[in-house]
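Here is a friendly briefing to read alongside the model. Keep the viewer open and follow along topic by topic.

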Amino acid sequence: MKPEKLAAEQERLAAMHLYEDKYSEFALIAGVDEAGRGPLAGPVCAGACILPKNAEILYLNDSKKLSEKRRESLFVEIKEKAVSWGVGLVGPERIDEINILNATYEAMRQALSQLNPPADFVLVDAVHIPDIGTPQVGIVKGDAKSVSIAAASILAKVTRDHLMMSYDEKYPEYGFARHKGYGTAAHYEALLKYGPSPIHRMTFLKNLEDHRK
């Protein structure tokens, strides 16, 4: 990378330490984010990540702003450099049972419970996680504003994508490797042709017939 581009990237990353710096009295700050609240199939996944205060992970950003290749590379680097990290998964049956928001909270609590050492402060993307007993701050669009949340978003996204690709091998007729369970036209077409698979969220399919041509 050219020196001027490296300097610009380091400046961008420094700005993403705003909240970690603001709450620097806490030694172990975890970022938390989710992936997969919107899809018709598969689990909702949450990541939790504590980064060293001096960690520099170039290109770290909101997972949605990164290419798949970049996410995969950062996924490995984050796990190597993190003080601790965890991933929580809550499947379709549980989502149908308790609704997607509560399932997301459950996945976030799972991810946090895997941290060793545990967090003493939590930065979370947009929401407030019930029943965790650790001080927390919700940040709107936090995955683009906090290095810790950005790292968690990548852990969640890549973990879930890998899982959906494995489901594609089991249920190839739905195209999970391409759309990762989201409601694309091809996905709805497959649902109408084959019916739901065991990993579909039935509460998300109430208006399925509306998509019949």
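Rings of Phe, Tyr and Trp (its six-membered ring) count as a pair if their centres lie within 6.5 Å, with planes under 30 degrees apart called stacked, over 60 edge-to-face and the rest tilted. By this rule there are four aromatic pairs. Please bear in mind that this is a predicted model, in which local features need pLDDT of at least 70 and side-chain atom pairs count only at pLDDT 80 or more, while totals for chains, interfaces and linings use all residues. Residues are numbered from 1 along each chain as its sequence is written, and side-chain values use heavy atoms, leaving out hydrogens and water.

**Aromatic pairs**

- F26 and F121 make a stacked pair, with 4.5 Å from centre to centre and 20 degrees between the planes.
- F26 sits in the loop between helix 2 (18–22) and strand 1 (29–35), and F121 belongs to strand 4 (residues 121–125), so this pair ties together parts 95 residues apart in sequence. Helices (H or I, at least four residues) and strands (E, at least two) are DSSP runs, numbered from the N terminus.
- F26 and F121 are both buried, where buried means under 20% relative accessible area, exposed over 50% and partly exposed in between (1.4 Å probe, protein chains only).
- The rings of Y174 and Y194 are edge-to-face, because their centres are 6.2 Å apart and their planes stand at 65 degrees.
- Y174 is in the loop between helix 6 and helix 7 (176–179) and Y194 is in helix 8 (residues 185–194), so here the linked parts are 20 residues apart in sequence.
- Y174 counts as buried at 4% relative accessibility, whereas Y194 is partly exposed at 43%.
- Y23, F26 and F121 are linked into a cluster by ring pairs.

**Helix 3**

- R71, L74, F75 and I78 are the buried residues to look at in helix 3. They cover an arc of only 115 degrees around the axis, which puts them on the same side of the helix; the arc is that of the directions from the helix axis to the C-beta atoms.
- K69 and E80 are exposed on the other side of helix 3.
- Strand 2 (44–50) and helix 6 (147–170) are among the elements that cover the buried residues of helix 3, with contact meaning heavy atoms within 4.5 Å.

**Helix 5**

- Buried residues in helix 5 include I100, A103, Y105, M108 and L112.
- The buried residues of helix 5 pack against strand 1, strand 2, strand 3 (84–90), helix 4 (92–98) and strand 4.
- Where helix 5 starts, a side-chain oxygen of N99 comes to within 3.1 Å of the backbone nitrogen of L101.

**Cysteines**

- The structure has zero disulfides, a disulfide being a pair of cysteine sulfur atoms within 2.5 Å.
- The closest cysteine sulfur to that of C45 is in C49, at 13 Å, which is too far for a bond.
- C45 is buried, with a relative accessible area of 0%, and C49 also counts as buried at 0%.

**K64**

- K64 is found in the loop between strand 2 and helix 3, and at 65% relative accessibility K64 counts as exposed.
- K64 and A150 are 86 residues apart in sequence, but their C-alpha atoms are 9.8 Å apart in space.
- The side chains of K64 and D143 make a polar contact at 3.0 Å. A polar contact is a pair of N or O atoms within 3.5 Å; within protein, one must be able to donate a hydrogen and the other to accept it, and residues adjacent in sequence count only if both atoms are side-chain atoms.
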